[in-house]
Amino acid sequence: MSNFSILIKEAKKDGSTLFYNSSGLKKAYQLGVKHISSAEFLGFADALPNKDLIIKKTFLLVDFENEEVIRIQKGSRIKPIKLENS
């Protein structure tokens, strides 16, 4: 298991909610990381008419491409990337 996967599992153990913002990853599903589009439904964000999200609660955003975990603060604005249809 890579150090990055271990970092994600440790963050989940701490009770942190993790999201990702890319078109869809098997690895995210395997690690239990949710797509950012579910943030509104889970109460972490409000959607604007243009589909951007205004963050209501702090959470961690997993960047699988750069292998980083980024803290997203309340009040931030994010443009979600759509999931690809399988």
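Rings of Phe, Tyr and Trp (its six-membered ring) are taken to pair if their centres lie within 6.5 Å, with planes under 30 degrees apart counted as stacked, over 60 as edge-to-face and the rest as tilted. By this criterion, Phe4, Tyr20 and Phe64 form one aromatic cluster. The structure is a predicted model, in which local features need pLDDT of at least 70 and side-chain atom pairs count only at pLDDT 80 or more, while totals for chains, interfaces and linings use all residues. Residues are numbered from 1 along each chain as its sequence is written, and side-chain values use heavy atoms, with hydrogens and water left out. The briefing covers aromatic contacts, strand pairing and salt bridges.

**Aromatic contacts**

- Helices (H or I, at least four residues) and strands (E, at least two) are DSSP runs, numbered from the N terminus.
- Phe4 and Phe64 are both buried; buried denotes under 20% relative accessible area, exposed over 50%, and partly exposed in between (1.4 Å probe, protein chains only).
- The ring centres of Phe44 and Phe59 are 6.0 Å apart and their planes stand at 90 degrees, so this pair is also edge-to-face.
- Phe44 is located in the loop between strand S2 (34-35) and strand S3 (45-47), and Phe59 in strand S5, so the pair ties together parts that are 15 residues apart in sequence.
- Phe44 is buried, with a relative accessible area of 11%. Phe59 also counts as buried, at 2% relative accessibility.
- Lys57 lies over the face of Phe44, at 4.9 Å from the ring centre. A charge sits over a ring if NZ of Lys or CZ of Arg is within 6 Å of the ring centre and within 35 degrees of the ring normal.

**Strand pairing**

- An open sheet of 4 strands has the order S2-S1-S5-S6, with mixed pairing. Its edge strands, S2 and S6, each pair on one side only. Two strands pair if DSSP finds at least two bridges between them.
- Strand S1 (residues 18-20) and S5 run parallel and are joined by 3 bridges. The bridge partner of Phe19 in S5 is Leu61.
- A further open sheet consists of 3 strands in the order S3-S4-S7, with antiparallel pairing. Here the edge strands are S3 and S7, each of which pairs on one side only.
- Within this sheet, 3 bridges connect S3 and S4 in the antiparallel sense. Ala45 is placed opposite Ile55 in S4.

**Salt bridges**

- A search of the whole structure finds 3 salt bridges, a salt bridge being a side-chain nitrogen of Lys or Arg within 4 Å of a carboxyl oxygen of Asp or Glu.
- Lys56 and Asp46 meet through their side chains in a salt bridge (3.5 Å, N to O). The two residues are 10 residues apart and link distant parts of the chain, with Lys56 in the loop between strand S4 (53-55) and S5 and Asp46 in strand S3.
- Lys56 is partly exposed, at a relative accessible area of 37%. Asp46 is likewise partly exposed, at 38%.
- Asp52 forms a salt bridge with Arg77, whose closest N and O atoms are 3.0 Å apart. Asp52 lies in the loop between S3 and S4 and Arg77 in strand S7 (residues 77-78), so the pair ties together parts that are 25 residues apart in sequence.
- Asp52 is buried, with a relative accessible area of 8%, whereas Arg77 is exposed, with a relative accessible area of 51%.
- Asp52 forms a salt bridge with Lys79 as well, the closest N and O atoms being 2.8 Å apart. This pair links distant parts of the chain, 27 residues apart, with Asp52 in the loop between S3 and S4 and Lys79 in the segment after S7.
- Lys79 counts as exposed at 54% relative accessibility. Salt bridges that share partners join Asp52, Arg77 and Lys79 into one network.
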